[in-house]
Amino acid sequence: MDNSKMGSGDKLLLAALHLIAEKGYNGVTTLEIATAAGLSEKTLFRHFGTKQKLLEAAFDRYHYAEEMKKLFAEKLVWDLEKDLLLVSTTYHEIMNRNRKMIQISLKEDEGQLPGFRARTQKHPQQLLEILTNYFIEMSHKGKIVTSNPELQAFSFIMMHFGAFMNDLDQHKSYPGIGLTPFVQESIQLFARALRP
């Protein structure tokens, strides 16, 4: 999006994500965030009140729960492999787009940002619930066999979160394994295991 067409709030949210990911929460001031956004510190306080509320608003605005809810509501075709491929590729697109938020959530100490960890966990918990419900519905339709849909959804999410974390770390842990072949192979394995 063209920065000149963005509203003040969005400019502040993006500047905060960029600077906090780079310098850490305590390493950046509200004045630096406002300046990077091309706005005054007074504007930052008028929009968000505090630096923590600004960071929380950025997580709520740019994380993936709403996009995933929409995907599950509108784009599923009730074909396990096709649906899981769509879910997985969308998940990785969103996670890569939100790399800075993930880096912030991994870096920041809960003691300095009370309630922040719980707020960042809201999105994965919502995805777990949505994917669990999908597996239950697929089971009711006779398209999969599932003994514990929540555990299967959790396994699927953790598998892809682990792949994202490897990618976040510039493929240092498993440099020879690319994301696209991993996604395709993992979907095939998972679908094979759940088919009746």
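This is a predicted model: local features need pLDDT of at least 70, side-chain atom pairs count only at pLDDT 80 or more; totals for chains, interfaces and linings use all residues.
Biologist: What is the helix and strand content of residues 29–48?

Modeller: The span is 75% helix and 0% strand, and its end C-alpha atoms lie 14 Å apart. Helices (H or I, at least four residues) and strands (E, at least two) are DSSP runs, numbered from the N terminus.

Biologist: What span is expected for helix α8, and what does it reach?

Modeller: The expected span is 1.5 Å times one less than the number of residues. Helix α8, residues 116–140, has 25 residues, for which 36 Å is expected; from first C-alpha to last it reaches 37 Å, close to that value.

Biologist: Where is the kink in α8?

Modeller: The kink lies at K122, shortly before the proline P124, and is about 30 degrees. The bend is the angle between axes fitted to the seven residues ending at a residue and the seven starting there.

Biologist: Why is Y134 called buried?

Modeller: Buried means under 20% relative accessible area, exposed over 50%, and partly exposed in between, with a 1.4 Å probe and protein chains only. Y134 has 3%, so Y134 is buried. F135 has 0%, so F135 is buried too.

Biologist: How many aromatic pairs are there, and why is the pair of Y134 and F135 called tilted?

Modeller: Rings of Phe, Tyr and Trp (its six-membered ring) pair if their centres lie within 6.5 Å; planes under 30 degrees apart count as stacked, over 60 as edge-to-face and the rest as tilted. The count by this rule is 6 aromatic pairs. The ring centres of Y134 and F135 are 5.8 Å apart and the planes stand at 50 degrees, so this pair is tilted.

Biologist: What makes the pair of F156 and F190 edge-to-face?

Modeller: Their planes are at 65 degrees and their centres 5.2 Å apart, so the pair is edge-to-face. The pair links distant parts of the chain, with F156 in helix α9 and F190 in helix α10, 34 residues apart. Both residues are buried.

How values were computed:
Residues are numbered from 1 along each chain as its sequence is written. Side-chain values use heavy atoms; hydrogens and water are left out.
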